[in-house]
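Please open the model in your viewer and keep the sequence panel beside it. The stops below say what to select next and what is there.

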Amino acid sequence: MRLTTKGRFAVTAMLDLALREQKGPVTLSGISERQNISLSYLEQLFGKLRRNSLVDSVRGPGGGYCLARAVADISVADIITAVDEPLDATQCGGKENCLEDNKRCMTHDLWSDLNRTIYEYLASVTLAELIEKQRAKCPSTQASNECSVLHDKRKHPAQQVPA
């Protein structure tokens with residue numbers, strides 16, 4: 001089982017976005033420069049993230065991307081599955097046809113259980129936790145409360161939150 005660059009880059013880009021969105025929409029070119037990820041690759045990833053309702057795009061001057069949900073509501077598993085990253089330790093893709101005669105191998109349950117454990121762990125880690133850990137390591141990335149105000153507006157658009 002391995003996590004490819006697609007999943008790693010998606011999580012890294014989402015963390016970068018989450019750390020900076022309090023200043024407004026974040027451009028993919030900015031993420032590309034800071035994280036050394038190809039811009040065209042980010043465009044592909046963010047298309048998938050947008051289709052899975054993890055980010056919103058803002059068009060026009062000053063446009064870019066912002067999170068579609070609060071950081072506490074986005075798990076690492078959400079990000080990885082949004083970009084179609086398989087988390088599968090079985091050789092058969094979970095189809096139970098591991099052997100040449102389409103039978104299941106003796107260790108199928110072991111690898112299936114590992115898949116479940118990995119997914120549960122990644123589902124338990126949120127962007128909020130990653131931000132907290134990142135800020136503990138690098139205090140210069142402190143954010144204001146604007147993010148939470150922005151997400152409160154998204155959850156309850158009828159309510160006006162004072163600026």
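A contact here means heavy atoms within 4.5 Å. With that cut-off, among contacts in the protein chain between residues at least 6 apart in sequence, 64% join residues at least 24 apart. This is a predicted model, in which local features need pLDDT of at least 70 and side-chain atom pairs count only at pLDDT 80 or more, while totals for chains, interfaces and linings use all residues. Residues are numbered from 1 along each chain as its sequence is written, and side-chain values use heavy atoms, with hydrogens and water left out.

Begin with the whole chain in cartoon view. The protein chain has seven helices and two strands, taken as DSSP runs numbered from the N terminus (helices are H or I, at least four residues; strands are E, at least two), and along the sequence they follow the pattern α-α-α-β-β-α-α-α-α. Of the 163 residues in the protein chain, 37% are buried, where buried means under 20% relative accessible area, exposed over 50% and partly exposed in between, with a 1.4 Å probe and protein chains only.

Next, select helix H1, residues 5-20. Its 16 residues should span 22 Å at 1.5 Å a residue, and the end C-alpha atoms are 22 Å apart, which agrees; the expected span is 1.5 Å times one less than the number of residues. Among the buried residues of H1 are Gly7, Ala10, Val11, Met14 and Leu17.

Now select strands S1 (residues 55-58) and S2 (64-67). The two strands run antiparallel and are joined by four bridges, where pairing requires that DSSP finds at least two bridges between them. Ser57 stands opposite Tyr65 in S2, and in the turn of the hairpin Gly60 has a positive phi of about 90°.

Finish at Ser75, in the loop between S2 and helix H4 (76-82). Ser75 is buried, with a relative accessible area of 7%, and touches Leu122, Ala123, Val125 and Thr126, not counting residues up to four places away in sequence.
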